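Please keep the sequence and the structure in view while reading.

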Amino acid sequence: MRPAVSYIRVSKPKQGRSGLGLEAQQATIRSFCAQHGYNIEAEYREVETGKGADALERRPELAAAMKFARKVGRGGKAGAAPIVIAKLDRLSRDVHFISGLMVQRIPFIVTELGPDVDSFMLHVHAAVAEKERERIAQRTREALAAAKARGQALGNPAIGEARRAEADLHAEHFRPIIAPLRNLPAKRISVILNERGVTTPRGGKWQATQVIRLLSRLRFSCDDSAGLKLDHPI
């Protein structure tokens, strides 16, 4: 089996203490590595203490993971073992930070994107995700401003809009995975996702109804969504 390094990160100290998020990432990475023939040589866990931690000096565990990847990967074609992460945003939400990592010549594998996505495509995915976050944030600000202009009290409706925007953002992370499968029945898509070790945004197993909601939120065209149906029986 090929060597690999596992990197897990949570953004809040509370998540680090409770294990919330850490265990889900760990399970996803282990399942992915077992499926694709990687042996996890070491696991590094990072708990951020706040915003602005996108710098290697503020991410000591990531720096240590990269150093170990170079050591354990000596003799390999890439010159370093790959670092496996569960989701791209667990590496970073900042496209410039990810660009800086790419020049380190260490392969990063994101389980939700699959084993064949190279460094260039990781950068593209990061740029798309960042643009989508900006679009959702702008849309939320415009909706709140319009509501305020109408004299509408900004209470629960504003919270609802923010939650919808957050759900849209989560959905966008799955677009590269779902797009090639979108014409399959929803139940079949859920089976494929579970077989690949791709978890739901909450770290669970996929069901057909969840796939349908995800496809609907991603707003594929009518032609693209022709396979949006349930198998029977479920």
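Why is strand β1 (residues 2–10) largely enclosed by the rest of the structure? Of the nine residues of β1, seven are buried, so the strand has the rest of the structure around it for the most part.

## Overall make-up

The chain holds ten helices and four strands.

The chain has 234 residues, and 41% of them count as buried. Its accessible surface comes to about 13000 Å², with 54% belonging to carbon and sulfur atoms. Among contacts in the chain with a separation of 6 or more, 67% are between residues 24 or more positions apart.

## The sheet

The four strands form an open sheet with the order β2-β1-β3-β4, and the pairing is parallel. At the edges are β2 (38–47) and β4 (108–110), each of which pairs on one side only. From one strand to the next, the twist averages 30 degrees. Strands of a sheet pair through backbone hydrogen bonds, in either a parallel or an antiparallel sense.

How many bridges link β1 and β2? The two strands pair in the parallel sense over nine bridges. Within this pairing, Arg9 has Glu46 in β2 as its bridge partner. β1 also pairs with β3 in the parallel sense, over two bridges, and here the bridge partner of Ser6 is Val84 in β3. Strand β3 (residues 83–85) is in turn joined to β4 by three bridges, and these two strands run parallel.

## Gln25 in helix α2

Gln25 is found in helix α2 (residues 22–36). Is Gln25 buried or exposed? Its relative accessibility is 8%, and because buried means under 20%, Gln25 counts as buried.

Leaving aside residues up to four places away in sequence, Gln25 touches Ile8, Arg9, Val10, Ala86 and Arg90. Of these, Arg9 is the bridge partner of Glu46 in β2.

## Helix α9

Which residues of helix α9 (residues 186–195) are buried? They are Ala186, Ile189, Ser190, Ile192 and Leu193. Seen down the axis of α9, the buried residues fall within an arc of 165 degrees, so they line one face of the helix.

The cover over the buried residues of α9 includes α8 (175–178) and α10 (208–218). After α9 comes Gly197, which has a positive phi, near 80 degrees.

## Confidence

The average pLDDT of the chain is 76, and 71% of the residues score at least 70. Over residues 16–20 the pLDDT is below 50, and this stretch has five contacts in the model beyond near neighbours in sequence. Residues 221–234 also have a pLDDT below 50, with 26 contacts in the model beyond near neighbours in sequence.

Where pLDDT is low, the predicted coordinates should not be read in detail.

How values were computed:
Residues numbered from 1 in each chain as written. Predicted model: local features only at pLDDT ≥ 70, side-chain atom pairs only at ≥ 80, totals over all residues. Heavy atoms only, no water. Buried < 20%, exposed > 50% of the residue type's maximum accessible area, 1.4 Å probe, protein only. Contact = heavy atoms within 4.5 Å. Areas by Shrake-Rupley, 256 points an atom, 1.4 Å probe, with all protein chains shown as cover. Pairing = 2+ DSSP bridges. Axes fitted to C-alpha atoms, helices over the stretch in contact; angles between N-to-C directions. pLDDT = per-residue confidence, 0-100. Arc of directions from axis to C-beta.
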